[in-house]
Amino acid sequence: MKKTITVLGKPSLDTGRRNFLKMSGIGAMVAGLALVGCNDDDFGDFNNNVFDLGMGDMGVLNYAYALEQLEADFYTKVVNSFYTGASTAEKAILTDIYHHEVIHRNFFKAAISGVTSQVLPTLEFQYPNVNFSDRSSVLATAKALEDTGVAAYNGAGKFITTPDYLVIAGKIVSVEARHASAIRDMINPGTAAFSGDDVIDSNGLDLAKEPKDVVAAAGGFFKTPFTWKERGIG
């Protein structure tokens, strides 16, 4: 049985502080999106109390939702208690990124929840090696998360079969790439690090990573386990 859900509404977001972080496409992305053509057996489900992300497009959407939950959780901790010595400009950038990640997280939750009751639950995270009071520790973690997020979207795009979903993923990953560049510039201002060779390939494109590699890299942050059997995870 096919299911359809339309996500309406436009997020409230102050984007006036930093032009390069403006969400020019996100309002249009959220307003009027219809998730269609998903079969009941595509949706994720619990197996032995561990959630599986599901199959096909739904699996990719739940995968993106898991990553956005992680980023939103991390930046929530950052902005609730900024690291020692954070400048006004740094606080503004990190707060903008926080708002963006919350919008991404809430978008995926609303979209997937409208199609199925078997939506990925709210996950718990841990940051054993992060000192949220230390600038270097926070920004290094932010850099790792943003770089991994961009590579994750790029790597998962080939698994999306619905054109509308691919458009949405493209819009979100463009915002994530701006985050990555902004964080990199905060760490090494006035240099070419914002588009370093470690994240750009020989064709000048952002790197892409397979889901298994992304989960392996970010897995230490996830306290709540999940599987994605279709992609060999778990």
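W228 is buried, at a relative accessible area of 0%, where buried means under 20% with a 1.4 Å probe and protein chains only. Keep in mind that this is a predicted model: local features need pLDDT of at least 70, side-chain atom pairs count only at pLDDT 80 or more, and totals for chains, interfaces and linings use all residues. Residues are numbered from 1 along each chain as its sequence is written, and side-chain values use heavy atoms, with hydrogens and water left out.

**Aromatic rings**

- Nine aromatic pairs turn up, counting rings of Phe, Tyr and Trp (its six-membered ring) with centres within 6.5 Å; planes under 30 degrees apart are stacked, over 60 edge-to-face and the rest tilted.
- Y63 and W228 make a tilted pair, because their ring centres sit 4.9 Å apart with the planes at 35°.
- That pair ties together distant parts of the chain, with Y63 in helix α2 and W228 in the segment after β5 (226–227), 165 residues apart; helices (H or I, at least four residues) and strands (E, at least two) are DSSP runs numbered from the N terminus.
- Y63 is buried as well, at a relative accessible area of 2%.
- F222 and F226 pair edge-to-face, at 5.3 Å centre to centre and 80° between the planes, and both residues are buried.
- F74, Y75, Y127, F132 and F221 are joined into a cluster by ring pairs.
- R231 sits over the face of F159, 3.7 Å from the ring centre (the rule asks for NZ of Lys or CZ of Arg within 6 Å of the centre and within 35 degrees of the ring normal).

**Largest cavity**

- The structure has two cavities of 30 Å³ or more, a cavity being a set of points on a 1 Å grid over the protein atoms alone where a 1.4 Å probe fits but cannot get out.
- The largest has a volume of about 160 Å³, that is, the space filled by probe spheres set on points joined across faces, edges and corners.
- Its lining counts 20 residues, with L61, A64, F108, Y153 and A169 nearest the centre; lining residues have an atom within 4 Å of a point.
- Helix α2 gives the largest share of that lining, five residues.
- The lining has 19 nonpolar, one polar and no charged residues (nonpolar: Ala, Val, Leu, Ile, Met, Phe, Trp, Tyr, Cys and Pro; charged: Asp, Glu, Lys and Arg; polar: the others, Gly among them).

**Second largest cavity**

- This one holds about 60 Å³ of space, lined by L67, L70, E71, L145, T148, G149 and A218.
- Both α2 and α4 give two or more residues to its lining.
- Its lining splits into four nonpolar, two polar and one charged.

Conventions:
1 Å grid on protein atoms, 1.4 Å probe; cavity = no way out; pocket = protein on both sides within 12 Å on 5 of 7 lines; lining within 4 Å. Buried < 20%, exposed > 50% of the residue type's maximum accessible area, 1.4 Å probe, protein only.
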